[in-house]
Amino acid sequence: MPPRSSDHCAAPLIFEQGALGRANRYVESGKPLETFLPHRLLRDDLPLPDNSELDVVRHFTRLSHRTFGIDTGFYPLGSCTMKYNPRVNDAMANLPGMRDLHPWTDDALAQGALQVMYELERSLSSLFGMAAFSLNPSAGAHAELTALLIAKRYFKELGQTRRDKVIVPDTAHGTNPASAAMCGFKVISLPSDARGRVSLAEIEKVLGDDTAVCMMTNPNTLGLFEDDIRRIAAAVHAVGGLMYYDGANANALMGNARPGDMGFDLMHLNLHKTFTIPHGGGGAGHGPVGVAAHLVEYLPTPVVAWQADPDADPSLAPSDRLRFRLDFDRPKSVGPVRSFWSNFAHAVRALSYIYANGAQGLTKVSQLAVLNANYLRVKIGEFLDIPYDEPCRHEFVASAAGLKKRTGVRALDLAKALLDRGYHAPTIYFPLLVPECLMFEPTETESKETLDGFVAALREIVQTAERDPEAVLAAPVTTVVGRIDETRAARYPNLRWRPRGEALQR
Amino acid sequence: MYTPHTQADIAAMLETIGVASLDDLIRVPDDVALKVPLDIVPALPEYQIARRFAHFAEKNSGARATSFLGAGAYRHYVPPAVAALAMRGEFLTAYTPYQAEVSQGYLQTIYEWQTYICLLTGMDIANASVYDGATALAEGAIMAINETGRTRLLVSRAVNPNYRAVLQTYCSGLDVAIDELPIAADGGTDCSGVAAAVADKNYAAVILQSPNFFGVVDTLPKAAGQAALASETVPIAVIAEAMALGALATPASWDAQIVVGEAQSFGNALAYGGPYVGFIAATEKHLRRIPGRLVGKTVDKHGEPAFTLTLQAREQHIRRERATSNICSNQAHCALIATIYLALLGSTGLRDVAALNLERSRELASAVGGIDGCELRFNGPFFNEFVVRLRRPVEEVLAALRTRHILGGVPLGRFYPEYADSMVMTATELTTTGEIASLTAALKEIMHAPALV
Amino acid sequence: MAQPEHLLYTKEHEWVKLDGDIATIGITDHAQHSLGDIVYVELPKVGRHIEQFANIGVVESVKAVSDLFTPVSGEVTEVNAELDADPAAVNRDAYGAGWFIKVKMSDPAEQKKLLSAAEYERLNAE
């Protein structure tokens, strides 16, 4: 094992460093606050640490060394699409004309920003077969909530207020039922069939005139394509319900098949997955929501509207001959879902990525994502169980149930042992229906050499487990900390530092 | 693009899989196969992408104008060290820190963020962040609704109208009703009816913003706060301009039990509205209701200090439809930017920036208020923005300022028909004396011109 | 571990001890074992009326959550406040220090719908 570096020393908190008055001179010293406001409106103290810029730079540089990102190494975290985040996208988002634009700027002085939103919206609509997208929602779960509010509003307009059931397969992401509950819908959980798919027969059992929405992920979280999707959609539509597409797995079919053609009425995309927006440690994301034609008027406000610019030079690109504005006047809209119009900097990144690829490139992206996943599936299948062993899409699940029975080594232990070998772990224990589940999503940006190296490492771990389970159970041993006492964290929550003298939290 | 596969790689991998071609591998049933050409932007090499986006950026002339815009998004100075640190690849390209052993750095930054928010608001706990100020308000209100089992909210009309609209959107899904507290003559909230309103124990929360949408420092009077607490109505404070926390008494001092807000001002770019970073802080008793991620400090198996995501059983991936919220992401990277910003500024720097906001906005207010045809609408104490009433139609005045490359303010008419003759103007530490002089000269000219534009 | 003979059980893994018209309620050793380290228990307030088999609270472990159902109807007279500070008591001593609530029963006949120790054991063996 490599020796522990200096990074293994516990990093002191920023609050445990610095000295009062060790200030950096970013602005001039202000006058006493009492000059401007009466004392009773002012705070008594501001107990934040003063640190020199060098100490702050070292602090966060040290913390970055204790953080694993895609830039650090292979990150096959299933359902999260941890692909390379191209640097040009960040550069485009950081152009002063993008970065410094205030959201209340008059439309006439923000035409470039509106054009970015327009081009992204039109491209996504074509790519996924929807009539229109709203760029407002901030993340996937936010988009689910928005879409379900749209459905609720739509049924209210139709006078069908009895529709209060949302159907969610057991392979669905946990956000699906949680979003449904936030809109006051009741959740019906649907079991998967022996092939790991939603069965038409099961869904027909629960359909009725109280069905509001059926939420599906395709391919599903087992990485399997729901090949009955047209018939499922027809059955849901036959009882007057709406079909919702959870776009978490859109990287599997982008440019090759479209949710709109499968019969979906509503969908969302995670631009931070499929369209290379950096995950940034868990956000900010961006979750545009797309709708079929009959739902466009319910989209949240504002939307980007456009008209031909009569004065435009006809030799310009088509979108350069348009005038744009934010349209807030949408009587049937569910209303706004966030403070301002969109996570605009991310819209810039996503559009930059689309420009880098074009239609052909994006089609290739999903093909190679599927190729990498299947290659990994076959290689890992040589030494771990693959419960649904058939060609997968962009991800697949393996199970350590057999290994656990033989050796006591669980999915969690394999994950921790991978950390010791310089890889991020796959998603574990999801989806819930596969015991000792490991979910791998390699993405298209990884080379065959990287995949081969990963397979060799995992194979060696499994062989070690068969021979010497204790060695795997002890992992990780090279990381800055060992396995975490999560029970203690949850039983005795310590969620913040407190200044000396203040009572400690229990 | 960004795929490393050679033809030889693809052939070898297909052979391993046992499939003849990529097309065979990705084939979908005929009834859902793609049948139309895709209509998307053309593929460009990287140097042309840079040109295309430079063209977009050029068209955003508002980004280069002299600006007095605020009203929920603020232009502040950001030290270059913020981006240099935040854009490190480890931070930028990590995911939610599920594997704590390789995420100690990011987890620690979130623990530090939670601490900064607690220290600034005077609350006991804070979460790892939510989407933005408006959704923080909606989530905070839902906490109070779930806590009390009541389905009415009492909300000041001086709360940011975008936030109130988002709250309305969320409430429409939950069948929750919203009643308004009126605006007083000084621009603060008229809280005289609060004690009577909450006495029947019908309200889940009473919600005020400070500084409010008109810039006025706006707190719950002691008697109203006590009445709310006595009826188990949760006082919620909204903070849309976090920089004010560097100067103003904490919301805890006026009995707020939940504090929600927007921390864009701490180092995050304006970026035409996002991404920004919402926060939710609360007193200890609300611990189990707080939505979103929480990072806790614990120990590893050797007894060494360590950080981890904790109290996850509240969350959607375990509780599913019974979760405190559907929220899955947090704005970790925006919160990291805010944390780095606060670390660099420290208490001395933050106080100085707050003082400069107070000073420059007073300079602006006195210059504008001195122009014939412009009048300060309210006399309540303000932080860095205020309302100006114009003798000429607001939209015409703003259009005339635009021709001089000045963004004069945010008109109130769309949200407050009663203030259709007014706008909100903002000055920060970046507002210069020269900018104020240009604005004043332009406004004088406009207010006295016989016909506009 | 064998189930205490003097208690009654539900198929949702709660136990109840009857003492006159006062019922003491908790979760079984089997339940605490399958949940793992318990970190938090959400219980109804004293004075609340609860109906037999209704969902009255939640038991959280580090990475799982389980609904709590009441075996009997009645009014909650006491809540085990110790569990706030020491939720581990449920793991250590499910039938003793780890009790959840006491209920003043409104219908003693309800106990006919509960399982005996032997019946509960058979259920777990299935």
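Reader: How much area do chain B and chain C bury between them, and what share of it is on carbon and sulfur atoms?

Author: Happy to start there. In this predicted model, chain B and chain C bury about 820 Å² between them, with 47% of that area on carbon and sulfur atoms. The contact draws on 7 residues of chain B and 11 residues of chain C.

Reader: Why is the pair C:Glu60 and B:Arg288 called a salt bridge?

Author: The rule asks for a side-chain nitrogen of Lys or Arg within 4 Å of a carboxyl oxygen of Asp or Glu. For C:Glu60 and B:Arg288 the N to O distance is 3.2 Å, so the pair meets the rule. The count between chain B and chain C is 1 salt bridge. On the side of chain B that touches chain C, the residues divide into 2 nonpolar, 1 polar and 4 charged.

Reader: How do you know that A:Arg349 and A:Asp90 form a salt bridge, and what does the pair tie together?

Author: Their closest N and O atoms are 2.6 Å apart, and the cut-off is 4 Å, so this pair qualifies too. A:Arg349 sits in helix H11 (residues 344–380) of chain A and A:Asp90 in helix H2 (residues 87–93) of chain A, so the pair ties together parts that are 259 residues apart in sequence. Over all chains, the structure holds 53 salt bridges.

Reader: How many residues take part in the contact of chain A and chain B, and how much area is buried?

Author: The contact takes 202 residues from chain A and 180 residues from chain B. Together the two chains bury about 16300 Å², 65% of it on carbon and sulfur atoms. Within chain A, the residues that lose the most area to chain B are A:Trp104, A:Tyr355 and A:Leu495, together 5% of what that side buries.

Reader: Which residues lie nearest the centre of the largest pocket?

Author: Those are B:Asn146, B:Glu147, B:Arg289, C:Tyr40 and C:Glu42, out of 50 lining residues. The space in the largest pocket is about 1700 Å³. Helix H7 of chain B gives the most to the lining, with 6 residues.

Note on methods: Residues are numbered from 1 along each chain as its sequence is written. Chains are lettered from A and ligands numbered from 1 in the order in which they are written. This is a predicted model: local features need pLDDT of at least 70, side-chain atom pairs count only at pLDDT 80 or more; totals for chains, interfaces and linings use all residues. Side-chain values use heavy atoms; hydrogens and water are left out. Contact means heavy atoms within 4.5 Å. Buried area is the accessible area (1.4 Å probe) that two parts lose on being put together, summed over both. Ala, Val, Leu, Ile, Met, Phe, Trp, Tyr, Cys and Pro count as nonpolar, Asp, Glu, Lys and Arg as charged, and the others, Gly among them, as polar. On a 1 Å grid over the protein atoms alone, a cavity is a set of points where a 1.4 Å probe fits but cannot get out, and a pocket is an open set with protein on both sides within 12 Å along at least five of seven lines; lining residues have an atom within 4 Å of a point. Grid points are joined across faces, edges and corners, and a volume is the space filled by probe spheres set on the points. Helices (H or I, at least four residues) and strands (E, at least two) are DSSP runs, numbered from the N terminus.
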